[in-house]
Amino acid sequence: MLNLHDIRNSADLLSRAERILVFCHANPDGDAIGALLGIRLLLEAAYPDKHILVLCKDSAPDTLLFLPGTERIAHDPHLRNTDAVVFVDSAEPKLTGLYETHSELFTKDVSSINIDHHPTNAQFARINLVDPAAASACEIVAEIADALSWNITPDIATCLLTGVYTDTGGLLHSNTSVQVYRTVARLLRAGARQQEIIKHVFRTAKPSTLKLWGRVLEKISLTEEGGAVSAVTKGDFAATGAHYSELTGAIDYLNAVPGMRFSMILSERDGKVKGSIRTLRDDVDVAEMAGKFDGGGHKKAAGFALPGKLKSEVRWKVVNEE
Ligand SMILES: [Mn+2]
């Protein structure tokens, strides 16, 4: 839960501004885009005479283009004359991809609000609405809207529910708390178009993605260390026509093999081999495994990148059989 005092101070800060800029992190996911667009609609309704600009360094993924207002996300804004900045879903300034060029935005001298749920959030804004107990930034935006009695329309509810769904893996991850279900109920009551989200986000995959995943699944092997491992080469990307980003999600299938300690996908890209490692177990620390290859991450999801390319190896064994 957020501090009501901080929420009211945020509203004061926004009401004093003429031009408000809303940012999310680069390579945006459903939570970043959902919160960005949801806040824009909330602010436009609350402050009809202010100028509100939403910004993300990168474009929204194709699967999120159904959300209202994606075409109005700016990528290269004129940042001058901005009097208030709202950051969403960004644990650190550099994740916005704008810190190098606009570091002046990330000081407490700027009228800024930081809305986030990452436990590692650097609290870099003047007002930090950060709740590590929340499963998504969209969940926090819904809480703020209700605290300020801002009306949640069906469009806003659809944007926010998208972030709740994507950051909980469709309400399947272990962060799916009682509060998440309360937020889902709240947003459905507000008219969130749940089936539209499910269709676009969870039930849509390009043929190139399916072909790439086919290769991942076909090449799965189980290691003696208890890993379900697969690999995709440059040739696999070329033959399927898939982009690197289309590999996202395939690793969840590898994790489904019973009795495994971890899953890993190796992929070749730009002269490097990238490794993604996941586990569902509490007694396995994949961040530690990734650390051995100069990588890092979280206990249950980590990765590394090494220079080089992939070479397959087949292990044959001679056995005595009667
Ligand atoms: Mn998030």
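1. Asp270 counts as exposed, with 9 C-beta neighbours inside 10 Å. The terms work as follows: a residue is buried if 20 or more other C-beta atoms lie within 10 Å of its own, exposed if 12 or fewer, and partly exposed in between, with C-beta atoms placed from the backbone. Asp270 sits in the loop between strand 8 (262-269) and strand 9 (272-278). Helices (H or I, at least four residues) and strands (E, at least two) are DSSP runs, numbered from the N terminus. Although Asp270 is not a glycine, its phi is positive, about 45°.

2. The model is predicted, so local features need pLDDT of at least 70 and side-chain atom pairs count only at pLDDT 80 or more, while totals for chains, interfaces and linings use all residues. Residue numbers start from 1 along each chain as its sequence is written.

3. Asp89 also has a positive phi, of about 60°, and is not a glycine either. Most residues other than glycine have a negative phi. Asp89 lies in the loop between strand 3 and strand 4. Is Asp89 buried or exposed? Asp89 is buried, with 31 other C-beta atoms within 10 Å. A positive phi, near 55°, is also found at Ser149, which follows helix 3.

4. The largest nonpolar core has 58 residues. Such a core is a set of buried Ala, Val, Leu, Ile, Met, Phe, Trp, Tyr and Cys residues joined through C-beta atoms within 7 Å. Those with the most contacts inside this core are Val22, Ala35, Leu36, Val88, Ile115, Val141 and Leu160. Helix 2 (residues 30-46) gives the most to the core, with 9 residues. Apart from this core lies another, of 20 residues, with Ala228, Ala250, Leu254 and Ile277 among them. As background, nonpolar side chains tend to be buried together in soluble globular proteins.

5. Which residues does Ala35 touch? Not counting residues up to four places away in sequence, Ala35 touches Cys24, Val88, Asp89, Ile115, Ala137, Cys138, Val141 and Gly163. Two residues are in contact if their C-beta atoms, placed from the backbone, lie within 7 Å.

6. Helix 2 packs against helix 4 (residues 154-167): their axes come within 8 Å and cross at roughly 160°. Helix 2 is therefore roughly antiparallel to helix 4. The axes are lines fitted to C-alpha atoms, for helices over the stretch in contact, and angles run from 0 to 180 degrees between N-to-C directions. Angles under 35 degrees count as roughly parallel, over 145 as roughly antiparallel, 65 to 115 as roughly perpendicular and the rest as oblique.

7. Asp31, Gly34, Ala35, Gly38, Ile39 and Leu42 of helix 2 meet Ala137, Cys138, Val141 and Ala145 of helix 3. By type, the residues of this contact are 7 nonpolar, 2 polar and 1 charged.

8. Helix 3 is mostly covered, with 8 of its 11 residues buried. The buried residues include Glu139 and Glu143. Their cover includes helix 2, strand 3 (84-88), strand 4 (112-116), strand 5 (127-130), helix 4 and helix 5 (178-189).

9. Gly38, in helix 2, is buried, with 32 other C-beta atoms within 10 Å. Leaving out residues up to four places away in sequence, Gly38 touches Cys138, Val141, Ile156, Cys159 and Leu160. The C-alpha atoms of Gly38 and Ile152 are separated by 9.0 Å, although the two are 114 residues apart along the chain.

10. Asp58 lies in the loop between strand 2 (51-55) and strand 3. With 14 other C-beta atoms within 10 Å, Asp58 is partly exposed. Leaving aside neighbours within four places in sequence, Asp58 is in contact with Ala26, Asn27 and Pro28. Asp58 and His25 are 33 residues apart in sequence and 8.5 Å apart in space, C-alpha to C-alpha.

How values were computed:
Ala, Val, Leu, Ile, Met, Phe, Trp, Tyr, Cys and Pro count as nonpolar, Asp, Glu, Lys and Arg as charged, and the others, Gly among them, as polar.
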